[in-house]
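Colleague: Could you take a close look at a single part of this model for me? I'd like to hear where it sits and what goes on around it.

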Amino acid sequence: VSSINLKDFSDILQTQKLNFDENFPDFFFETFLNSHNEIEKNFFRFLYKNGKVRLIFDSFDQLPLECCRNFLKILKKFQRNGGNQVWIATRDDFEINLESHLENFEKFSLDPLTQDEQLEILNHNLKKEFQPFGKILVETLLDSCLALPRMLMAISEFCNSQTVIPNLFEV
């Protein structure tokens with residue numbers, strides 16, 4: 001299982017003529033998994049051939065339209081080899097575009113984190129001295145950006161990088 005942020009590949013995906021018909025597993029491995037290691041490449045070929053590849057793509061909805069079109073061409077080719085699976089993280093308004101272009105499309109929706117889940121993530125990631133602020137943050141900012149795990153991680157990283165405990169609510 002690999003996770004791939006598509007924004008990192010927008011330059012490649014804007015290329016008008018992507019050449020992946022010759023040896024698709026090698027093209028895919030070298031392009032998206034960014035390695036030229038022969039052992040890893042051979043292992044990927046084996047997994048791909050046997051339908052054991054699992055990939056998570058993020059930021060599809062943040063790509064320019066031409067990049068989306070090219071990426072969908074690549075995914076169609078990827079789907080032709082049965083068993084391999086792809087998950088695409090996107091906002092709801094892009095699901096229609098995906099449904100119309102991909103076979104075997106299933107939609108999963110993620111619910112926002114509950115207050116308890118937000119607090120659990122903060123407490124797990126905050127240094128001990130900042131953990132008392134986790135509950136205050138969650139209660140104060142509930143139903144806002146904290147429902148997103150990456151925002152919780154950013155807040156944790158910010159707090160943990162401080163040498164003194166800041167007054168988080170000072171304007």
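This is a predicted model: local features need pLDDT of at least 70, side-chain atom pairs count only at pLDDT 80 or more; totals for chains, interfaces and linings use all residues.

Modeller: Start with Phe-9, which lies in the loop between strand S1 (2-5) and helix H1 (10-13); helices here are DSSP runs of H or I with at least four residues, strands are E runs of at least two, and both are numbered from the N terminus. Phe-9 counts as buried, at 11% relative accessibility. Buried means under 20% relative accessible area, exposed means over 50%, and partly exposed is in between, with a 1.4 Å probe and protein chains only.

Residues are numbered from 1 along each chain as its sequence is written, and side-chain values use heavy atoms, with hydrogens and water left out.

As for the setting, the protein chain has eight helices and three strands, running β-α-α-α-β-α-β-α-α-α-α along the sequence. Of its 171 residues, 32% count as buried, and Phe-9 is one of the buried residues.

On confidence, mean pLDDT (the predictor's confidence in each residue, from 0 to 100) is 75 for the protein chain, with 74% of residues at 70 or more. Helix H3 (residues 38-49) has the highest mean, 87, and helix H5 (residues 95-101) the lowest, 64.
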